[in-house]
Structure formats: C-alpha cells, structure tokens
Amino acid sequence: MPCSALFNTSFRETKPSMEIKDMFIRQRKYIFTLLSLYVIGYGFTSYQSVFAGLIIGTSLSLFNLWLLARKMNNFGDSVLQGKKVRSLGSLSRLATGALAVIIAMEYPDRINLIFTVLGLMTSYIVIMIDFFVQSFQKRK
C-alpha cells in the first residue's frame with residue numbers, strides 16, 4: 001500500500017470525528033450557559049413555570065444533541081469502513097421530545113408546555129447560530 005494512501009485513510013478517520021467532537025463541546029458550552037440563565041430566571045422571577053419548561057426542554061435538548069453527535073460519529077466511522085449505515089437515531093430523539101411533553105402535561109401548573117417545546121428546539125437553534133459564527137470566523 002502506498003504511503004499516501006495510508007496518510008489519506010488515517011486523516012479521514014480522525015478529522016471528521018474531531019470536528020464533530022469540537023462542535024459538540026462548543027455547543028454544549030452554549031447550552032450550559034443558557035441553562036444557567038434559565039436557572040437564575042427560575043430562582044429570581046415570578047415566571048417559574050416558564051423557566052421550568054425551558055429547563056426541562058433544554059436539558060432534554062442537550063441529551064438529544066449528545067445522541068446526535070454520538071450517532072454522527074458512528075455514522076462517519078461506518079461510512080469510512082464501508083459498513084452498512086444505520087439511522088441517526090430519529091426515533092430516540094422523538095421519544096425524548098414525547099417524554100418532555102408528557103412531563104409538561106403531567107404538571108401543567110408547574111411546567112409551561114409551550115416553553116418546554118421551545119426548550120426542545122434550543123439545540124437546533126444553537127447549532128444554527130454556531131454554524132453562522134464559525135463560518136463568519138473562517139472567512140476572516
């Protein structure tokens with residue numbers, strides 16, 4: 001096997017997984033920052049049901065982001081190795097969303113359903129913002 005083929009193979013195996021890991025670490029920091037703001041809002045405002053919904057939804061959104069990053073990493077490894085590719089775990093993310101809605105509906109006086117759903121969308125909003133920030137920084 002030529003030396004260049006070995007280099008290209010090892011580069012492809014490490015580069016995508018490191019990018020995904022770096023993205024996840026960055027996005028996790030953003031979500032933890034938002035969660036800390038939500039906890040402060042829960043403790044110091046009279047909108048406790050709103051912030052409780054945001055906390056529940058964003059916490060489960062962070063779990064969904066972790067699942068997505070892990071599945072994307074496995075997906076990339078499977079493609080590089082030529083193995084059969086499984087799904088990216090849409091069913092498990094949908095089940096997590098259903099769990100958040102069930103919790104919010106079980107305690108409607110303590111957890112606002114609308115803000116729980118908004119919290120579930122937090123990771124996707126963070127992914128989009130992170131993409132725009134990173135693409136803007138790469139241009140410079």
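Predicted model: local features only at pLDDT ≥ 70, side-chain atom pairs only at ≥ 80, totals over all residues.
Me: Which residues line the second largest pocket, and what is its volume?
Reply: You can find Lys 71, Asn 74, Phe 75 and Ser 78 there, together with Lys 84, Val 85, Arg 86, Ser 87 and Gly 89. The volume of this pocket is about 170 Å³.

Me: Now for the largest pocket: what is its volume, and which residues line it?
Reply: Its volume is about 260 Å³. The lining holds Glu 19, Asp 22, Met 23, Arg 26 and Gln 27, and also Ile 127, Asp 130, Phe 131, Gln 134, Ser 135 and Lys 138. Two elements, helix H1 (3-44) and H5, each give two or more residues to this lining.

Me: Which element gives the largest share of that lining, and how do the residues divide by class?
Reply: H5 gives the largest share, with 6 residues. By class, the lining of the largest pocket has 3 nonpolar, 3 polar and 5 charged residues.

Me: Let's turn to helix packing. At what angle do H2 and H4 pack, and how far apart are their axes?
Reply: Look at the angle and the distance together. Helix H2 (residues 48-81) packs against H4 at about 30°, and the axes are 7 Å apart. H2 is therefore roughly parallel to H4, as angles under 35 degrees count as roughly parallel. The crossing of H2 past H4 is right-handed.

Me: Which residues of H2 and H4 meet?
Reply: From H2 come Val 50, Gly 53, Leu 54, Ile 56, Gly 57, Thr 58, Leu 60 and Ser 61, and they meet Phe 115, Thr 116, Gly 119 and Leu 120 of H4. Sorted by class, this contact has 6 nonpolar and 6 polar residues, with no charged ones.

Me: How do the axes of H4 and H5 cross?
Reply: The axes of helix H4 (residues 113-120) and helix H5 (residues 122-139) come within 4 Å and cross at roughly 40°. The two helices are therefore oblique to each other. Leu 118, Gly 119 and Leu 120 of H4 make the contact with Thr 122, Ser 123 and Tyr 124 of H5.

Me: How does the contact of H4 with H5 divide by class?
Reply: You can count 3 nonpolar and 3 polar residues in this contact, and no charged ones.

Conventions: Residues numbered from 1 in each chain as written. Heavy atoms only, no water. Axes fitted to C-alpha atoms, helices over the stretch in contact; angles between N-to-C directions. Parallel < 35°, antiparallel > 145°, perpendicular 65-115°, else oblique. Contact = heavy atoms within 4.5 Å. Nonpolar A, V, L, I, M, F, W, Y, C, P; charged D, E, K, R; others polar. 1 Å grid on protein atoms, 1.4 Å probe; cavity = no way out; pocket = protein on both sides within 12 Å on 5 of 7 lines; lining within 4 Å. Points joined across faces, edges and corners; volume = space filled by probe spheres on them. Left-handed = near helix turned anticlockwise from the far one by under 90°.
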